[in-house]
Amino acid sequence: MNRTQRRAALQNSDWNDKGRTDPRAKSEKRETARQLAFDVLQRIENDGAYANLVLGPTLAASNLSDQDRRFATGLVYGSTRMRRACDAIIDRFVSQPPDDATRSLLRFGAYQLVYAGVPAHAAVSETVELAPGKTRGFVNAVLRRVADSPIESMTWPSDASRLSYPNWLADRLATELGDEAIPAMERMNEPPPVTARSDGYVQDRSSQWVSASVDAGPDERVLDVCAAPGGKATAIANDGALVIAADMRHRRVQLVRENAIKLDLELPVVTANATAPPFRPASFDAVLLDAPCSGLGALRRRPDARWRIEASDITELAVLQRGLLAAAATLVKPGGRLIYSVCTVTAEESIDHPAPAGFEVDPSEPAVGTWRRFGHGWRVLPHDADTDGMVLIRYRRVT
């Protein structure tokens with residue numbers, strides 16, 4: 001997979017061959033939550049599978065109880081998220097680097113011992129059971145050392161290691177956020193809360209705040225140009241506006257349609273490329289561009305994203321975003337609104353973009369949400385209100 005394909009899959013949750021799980025491909029039944037979780041981790045680490053794509057079908061094909069499914073999910077997401085920290089914990093007790101399969105198993109055990117609150121006897125013995133016979137003694141010895149060594153006494157190589165982020169990403173967040181970087185990274189190591197709208201649709205509150213910022217009236221025509229999976233479009237439609245939802249991938253457009261049907265909403269959907277939208281110029285009262293981005297504000301939802309994203313991806317995405325902004329701007333009526341949002345925290349992907357020609361920035365504070373001023377826009381950090389990190393900028397067309 002080249003960088004462009006990888007980035008598109010990351011941003012759009014695109015299904016790829018490596019990430020695909022066909023439950024019929026394996027006839028054996030999963031016996032324990034740990035067995036299932038470790039199998040999924042192997043797919044993520046060895047085959048390049050995406051955690052959110054491979055885990056769901058595997059759980060659906062299993063005979064685990066709901067409680068065990070939640071436990072397996074926590075092990076997969078947590079072990080993936082804290083991979084670097086687990087490596088540092090393990091490396092204190094190995095004289096030579098273990099092979100990849102053994103390291104993966106040691107990470108799995110270390111996560112249970114240090115972060116998941118699993119009793120030591122269960123974490124060690126059940127993890128050792130998953131090891132091949134020739135490495136069981138080694139895995140047992142290392143994990144027992146981990147269990148006997150309080151994490152509070154550990155000297156970490158760096159904050160990036162302790163918080164389990166790549167060096168470049170920890171440095172980038174420190175540059176972007178200053179003293180807020182550590183609290184933000186710590187919060188993104190915690191599972192996100194489940195928040196639902198009044199109609200029952202589960203959606204992070206920061207995304208709900210973006211929808212509210214469109215402030216669409218019942219007689220207005222609104223376009224959501226990158227709408228999938230449809231959370232923001234359905235929220236705006238719930239307020240009575242006529243919303244058209246567009247996305248460039250037909251499969252993802254179908255997700256919008258399915259969500260609209262579940263919510264009993266009349267919501268036209270269109271498969272369309274937002275860089276060349278097939279709509280009449282100046283035909284919408286408001287256009288929402290929730291642009292593809294690095295997702296650095298939503299890492300708690302994408303446990304493997306921090307290991308996939310590269311610094312160069314941010315610059316490439318910023319170029320794409322500028323093109324999307326220019327195209328979306330042509331669709332706004334004079335006096336209409338263009339709302340730009342990204343679930344990241346970087347200036348390069350948000351406030352560094354110039355205002356589209358003929359538009360001015362709306363400087364007023366959004367009526368809904370816990371926003372802090374960020375350049376000519378607004379930003380919420382993950383630890384501000386236990387939401388995803390998000391940047392919002394609102395423009396108005398004046399000519």
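I began with a term: a residue is buried if under 20% of its relative accessible area is left, exposed if over 50%, and partly exposed in between, using a 1.4 Å probe and protein chains only. My model is a predicted one, where local features need pLDDT of at least 70, side-chain atom pairs count only at pLDDT 80 or more, and totals for chains, interfaces and linings use all residues. Residues are numbered from 1 along each chain as its sequence is written, and side-chain values use heavy atoms, with hydrogens and water left out.

**Entry 1: helix α7**

I label helices (H or I, at least four residues) and strands (E, at least two) as DSSP runs, numbered from the N terminus. Which residues of α7 are buried? I found Ala122, Ala123, Val124, Thr127 and Val128. These buried residues pack against α2, α6 (100–114) and α8; contact here means heavy atoms within 4.5 Å.

**Entry 2: α7 with α8**

Two packed helices are described by the angle between their axes and the distance between the axes. The axes are lines fitted to C-alpha atoms, for helices over the stretch in contact, and angles run from 0 to 180 degrees between N-to-C directions. Helix α7 (residues 120–129) packs on helix α8 (residues 136–147) at about 160°, and their axes are 9 Å apart. I noted that α7 and α8 are therefore roughly antiparallel. The cut-offs are under 35 degrees for roughly parallel, over 145 for roughly antiparallel, 65 to 115 for roughly perpendicular, and oblique for the rest.

On the α7 side I listed Ala120, Val124, Thr127, Val128 and Glu129, and on the α8 side Arg136, Val139, Asn140, Leu143, Arg144 and Ala147. By class, this contact of α7 with α8 has six nonpolar, two polar and three charged residues. For the classes, Ala, Val, Leu, Ile, Met, Phe, Trp, Tyr, Cys and Pro count as nonpolar, Asp, Glu, Lys and Arg as charged, and the others, Gly among them, as polar.

**Entry 3: α2 with α3**

I then turned to helix α2 (residues 33–47) and helix α3 (residues 51–60), whose axes come within 10 Å and cross at roughly 145°. Their crossing is right-handed. Leu36, Val40, Arg43 and Ile44 of α2 meet Ala51, Val54, Leu55, Thr58 and Leu59 of α3. That contact of α2 with α3 has seven nonpolar, one polar and one charged residues.

**Entry 4: the cores**

A nonpolar core is a set of buried Ala, Val, Leu, Ile, Met, Phe, Trp, Tyr and Cys residues joined through side-chain atoms within 4.5 Å. Which members of the largest core touch the most other members? They are Leu223, Val287 and Leu338, out of 60 residues. Another core lies apart from it, with 43 residues, including Ala33, Cys86, Leu105 and Ala122.

Most residues other than glycine have a negative phi, and most peptide bonds are trans. Is aspartate 215 buried or exposed? It counts as exposed, at 62% relative accessibility. Aspartate 386 also has a positive phi, near 55°, and counts as partly exposed at 26%. Finally, I found a cis peptide bond between alanine 228 and proline 229, with omega about 5°.

Conventions: Left-handed = near helix turned anticlockwise from the far one by under 90°.
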